[in-house]
Amino acid sequence: MTASEICSRPFDAVLCDLDNVIRFYDMAPLAELERAAGLAEGTTARVAYAPEIDLPLLLGKITKEEWVGSIASALSGQVPLAYARELGMALADAPFRADDAVVALVCRVRRHMPLVLVTNATLELERDLESMGLADLADHVVSSARVGVAKPDREIYEIAAERAGVAANRCLFVDDRLENVQAAITLGMTGAHYHEPADLQKVLGFALDD
């Protein structure tokens, strides 16, 4: 990349979400348990991701085991408590994988500018990244459970930009949740609402010509 290209590029750092952009979960085992219990598919997730149950986990205030207990309590009116706990564990321990195409894209971009993962995550994030071979994927990782603030709170974006060493208005923010992207745009960042790898290829194209 030439000096003129650096001056004309639209941003100088990439702030990227993890889940449903880089990491994807296999919910088939949980769905099977829900069907066996006569529950609609997705019931466990809807309960688990309600703010009053999910937010304490994402802010690092409770452990995964405590989160499972909260899920089980909330589901116990629909299924026996022991089965509700099994559903909660199936969600908490759902297998996951990294999307190799997205990993390859962000690795290429990182050759030209800082890459920061910005994710609403648990205290187990570091272990999860290591298990996927992604411990060194980014220059920095901003985890809600470590910084005590979660997207779409503006503070987590400010922390991420500071870690990148780039002004907010020179950052690209990528996320699968529109509300998180809109919050970034409010701070002056360039926003990219992620659906598929082609979305990244389009917005990062100027930095992919190695």
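Contact, in this presentation, means heavy atoms within 4.5 Å. Helices (H or I, at least four residues) and strands (E, at least two) are DSSP runs, numbered from the N terminus. The model before you is predicted: local features need pLDDT of at least 70, side-chain atom pairs count only at pLDDT 80 or more, and totals for chains, interfaces and linings use all residues. Residues are numbered from 1 along each chain as its sequence is written, and side-chain values use heavy atoms, with hydrogens and water left out.

I begin with a pair of helices. Lys-64, Trp-67, Val-68, Gly-69, Ile-71, Ala-72, Ser-73 and Leu-75 of α5 meet a set of α6 residues that includes Leu-81, Ala-84 and Arg-85. Helix α5 covers residues 64-75 and helix α6 residues 81-92; they pack at an angle of about 135°, and their axes are 8 Å apart. Here axes are lines fitted to C-alpha atoms, for helices over the stretch in contact, and angles run from 0 to 180 degrees between N-to-C directions. Angles under 35 degrees count as roughly parallel, over 145 as roughly antiparallel, 65 to 115 as roughly perpendicular and the rest as oblique. The two helices, α5 and α6, are therefore oblique to each other.

I turn next to the interior. A nonpolar core is a set of buried Ala, Val, Leu, Ile, Met, Phe, Trp, Tyr and Cys residues joined through side-chain atoms within 4.5 Å; buried means under 20% relative accessible area, exposed over 50%, and partly exposed in between (1.4 Å probe, protein chains only). The largest such core has 30 residues, and Val-14 and Ile-22 have the most contacts inside it. Its largest share, 5 residues, comes from α7.

Cys-16 is in none, as the nearest cysteine sulfur, that of Cys-107, is 11 Å away. Cys-171 has its closest cysteine sulfur in Cys-16, at 13 Å, too far for a bond. Cys-171 is buried, at a relative accessible area of 0%.

Finally, Pro-56 lies in helix α4 (residues 51-58) and is partly exposed, at 23% relative accessible area.

Terms used: Disulfide = S-S within 2.5 Å.
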